[in-house]
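Student: I would like to learn how to read side-chain packing from a set of coordinates. Can we work through a case?

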Amino acid sequence: MMKFGFRTTRSILVEPGGASRIGGEVGTLLGRSVLVVTDRGIREAGLVDGVLASLRDAGSKVAIYDGVQADPPESVVVEAAERARHAGADGVLGIGGGSSLDVAKLVAVLARSDQPLDALYGIDNVTGGRLPLVLVPTTAGTGSEVTPISIITTGVGEKKGVVSPVLLPDAAVLDAELTVGLPVHVTAATGVDAMVHAIEAYTSARLKNPLSDLFAREALALLSGHIRTVCTDGSDVEARQQMLLGSTYAGIAFANAPVAAVHALAYPVGALFHVPHGLSNSLVLPHVLKFNAGAAQRLYAELADIVAPEVRGDVRSRVDAFIAYFESLPEALGLPTTLSGVGIAAADLPKLASDAMLQTRLLVNNPREVTHDDALAIYEAAL
């Protein structure tokens, strides 16, 4: 058997309504003083109310930082870390989408470290420990609650990652009731994001392993089996819980078998044009699949058996069905399907391609080498 390592979050609670009982589940772990990291929209929607009440009932003093933004800039991380220090936080709880969870991870490190944020970028550059950390996702998409990765937008519009096992939280709570009020377009885009995680983990050219494969396949089955339901009936808690579990499975998969060119090409779209991450992935996904098809045809055919089981026959037929599924899915979910549809022009594509080539951490995982000209051609196809 091949040699491989595998890590994930130590404890995962899967329970509708579980967030409102979080004090009893993890209150002791987080300590007497807890910083809750979230965004203003989540707070104003009342999604943190049950968490706050439960922590306070458990005897914790709670401070809140609700300044997280989409594609969070470095200034937000620094500000939140200072809030944690000022509050004397013993632990950090992140609740929200991937941006809030990513910020919470870094706050847990910076609040007890002398390292500056810019020293953390890259792989395994976190030298110390962190505060106790619990994450509660409110979208079924990023899988950040089970990944050792935090993505931040730098001052020059480039996304950079901090990758370290130190960022894996102590616990995650998957509560589908927190996702019931999500708008359809957010539900759709984050769901496709999770599906991309599963696909790229399963086809990763580096660190692909049997355990990640298991999680990736099960993730794709759960996500493809329920994404249309949650986009037509957002109140279906059972379908929402299945999506949340699928997203977490996909997160576990790509935390151990890293993502590749879809993400590398999506990051500049988000950083430069403020397109939400899940939608950025969705816009380039079918075109990257076509680019990779020759190199990853056996693996794409295996995944086709999950999303298009009605298609039988040779490998090529199943690969074509796999790509066709992801060409038609975004439109069926009501998402934009072209870069021009989100305000990107042909003149913008060379800059996007140049910035995509900076994502060497991701491109090395792609089943086929991507050059600048390749990236430009993929963007042109997506325009």
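**Packing around a helix residue**

Tutor: Leaving out residues up to four places away in sequence, Leu265 touches Val284, Val288, Ala356, Ala375, Ile378 and Tyr379. Keep in mind that this is a predicted model.

Student: Is Leu265 buried or exposed, and why?

Tutor: Buried means under 20% relative accessible area. Leu265 counts as buried because its relative accessibility is 1%. Leu265 is part of helix α9.

Student: How far apart are Leu265 and Ile378 in sequence and in space?

Tutor: They are separated by 113 residues in sequence, while their C-alpha atoms are 8.8 Å apart.

Student: Which residues of helix α15 are buried?

Tutor: An α-helix has 3.6 residues a turn, so residues three or four places apart point the same way. In α15, which covers residues 372–382, the buried ones are Asp374, Ala375, Leu376, Ile378, Tyr379 and Ala382.

Student: What do the buried residues of α15 pack against?

Tutor: Their partners are α9 (261–273), α10 (277–292) and α13 (349–356). Take Tyr379: neighbours within four places in sequence aside, its contacts include Ala264, Leu265, Pro268 and Val269, as well as Val284, Leu349, Leu352 and Ala356.

Student: Which residues touch the most other members of the largest nonpolar core?

Tutor: Phe322, Phe326 and Tyr379 do, in a core of 79 residues. Helix α6 (residues 184–202) supplies the largest share of this core, ten residues. Another core, of 31 residues, lies apart from it, and Ala81, Val92, Val126 and Val162 are among its members.

Note on methods:
Residues are numbered from 1 along each chain as its sequence is written. This is a predicted model: local features need pLDDT of at least 70, side-chain atom pairs count only at pLDDT 80 or more; totals for chains, interfaces and linings use all residues. Side-chain values use heavy atoms; hydrogens and water are left out. Buried means under 20% relative accessible area, exposed over 50%, partly exposed in between (1.4 Å probe, protein chains only). Helices (H or I, at least four residues) and strands (E, at least two) are DSSP runs, numbered from the N terminus. Contact means heavy atoms within 4.5 Å. A nonpolar core is a set of buried Ala, Val, Leu, Ile, Met, Phe, Trp, Tyr and Cys residues joined through side-chain atoms within 4.5 Å.
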